[in-house]
Amino acid sequence: MIVRDLNDLKNTDRAVSDAQWTSVRMLLADDGMGFSFHITTLAAGSEHEFEYKNHYESVYCMSGKGSITDIATGETHEIRPGVMYALNLHDRHILRAEQELVMACCFNPPVTGNEVHGEDGSYALPEETAAE
């Protein structure tokens, strides 16, 4: 059984951030669960363009308000507590935080914790990350 406290991980190498977001990786690839689980906080007023070409992601909004736009279709959906979205087609998207957003995220395949977003907003596959 794995038991972890978000508050205990906030000041460790499992907390990854830039100026506009923080992601606390509660589960990573080396935990052997087949997915990774993160609590991600996006700063109010921030906008992020991502396309996880090598990963599937599902996201559940726990608090805050924002929107997600599917770049391929132009369709925009409201993000608020209780809303989940899944990037089942590796959808290129823009995520906007009107208020601070706190999201629970799962990635498959799981991230290792060493990934950085590429110029296209994606993460490399774990084998590619290890080779760098």
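Strand 9 (residues 93–97) is largely enclosed by the rest of the structure, because four of its five residues are buried (under 20% relative accessible area, with exposed over 50% and partly exposed in between; 1.4 Å probe, protein chains only). The model is predicted: local features need pLDDT of at least 70, side-chain atom pairs count only at pLDDT 80 or more, and totals for chains, interfaces and linings use all residues. Residues are numbered from 1 along each chain as its sequence is written, and side-chain values use heavy atoms, with hydrogens and water left out.

**Overall make-up**

- The protein holds two helices and ten strands. Both are DSSP runs numbered from the N terminus: helices are H or I with at least four residues, strands are E with at least two.
- Along the sequence the pattern reads α-β-β-β-β-β-β-β-β-β-β-α.
- Of the 132 residues, 39% count as buried.

- Strands in the order 4-9-6-7 form an open sheet with antiparallel pairing. Two strands pair if DSSP finds at least two bridges between them.
- Strand 4 (47–50) and strand 7 are the edges; each has a single partner strand, so one side of each is left without a neighbour in the sheet.
- The twist averages 20° from one strand to the next. Axes for such angles are lines fitted to C-alpha atoms, for helices over the stretch in contact, and angles run from 0 to 180 degrees between N-to-C directions.
- Strand 9 pairs with strand 4 in the antiparallel sense over four bridges. Here H48 has L95 of strand 9 as its bridge partner.
- Strand 9 also runs antiparallel to strand 6, joined by five bridges. In this pairing S67 stands opposite R96 of strand 9.

- Strand 2 (residues 21–27) and strand 3 (residues 36–42) run antiparallel and are joined by six bridges.
- Strand 5 (residues 56–63) and strand 10 (residues 101–108) are antiparallel, with seven bridges between them. S58 faces C106 of strand 10 as its opposite.
- Strand 5 is also antiparallel to strand 8, through three bridges. Y60 has M84 of strand 8 as its bridge partner.
- In a regular strand, side chains alternate between the two faces of the sheet.

**The T40–S23 pair**

- T40 lies in strand 3 and is the bridge partner of S23.
- T40 is buried, at a relative accessible area of 12%.
- The side chains of T40 and S23 also make a polar contact at 3.2 Å. Such a contact is a pair of N or O atoms within 3.5 Å; within protein, one must be able to donate a hydrogen and the other to accept it, and residues adjacent in sequence count only if both atoms are side-chain atoms.

**Largest pocket**

- The largest pocket has a volume of about 180 Å³. A pocket is an open set of points on a 1 Å grid over the protein atoms alone, where a 1.4 Å probe fits, with protein on both sides within 12 Å along at least five of seven lines. Points are joined across faces, edges and corners, and the volume is the space filled by probe spheres set on them.
- Sixteen residues line the pocket (an atom within 4 Å of a point). Closest to its centre are I68, D70, H77, Y85 and L87.
- Strand 6 (66–70), strand 7 (76–79) and strand 8 (84–86) each supply at least two lining residues.
- The lining divides into seven nonpolar, five polar and four charged residues. Ala, Val, Leu, Ile, Met, Phe, Trp, Tyr, Cys and Pro count as nonpolar; Asp, Glu, Lys and Arg as charged; the others, Gly among them, as polar.

**Backbone exceptions**

- Most residues other than glycine have a negative phi, and most peptide bonds are trans.
- H90 has a positive phi of about 55° although it is not a glycine. H90 sits in the loop between strand 8 and strand 9 and counts as partly exposed, at 22% relative accessibility.
- N108 and P109 are joined by a cis peptide bond, with omega about -5°. P109 lies in the loop between strand 10 and helix 2 (126–131).
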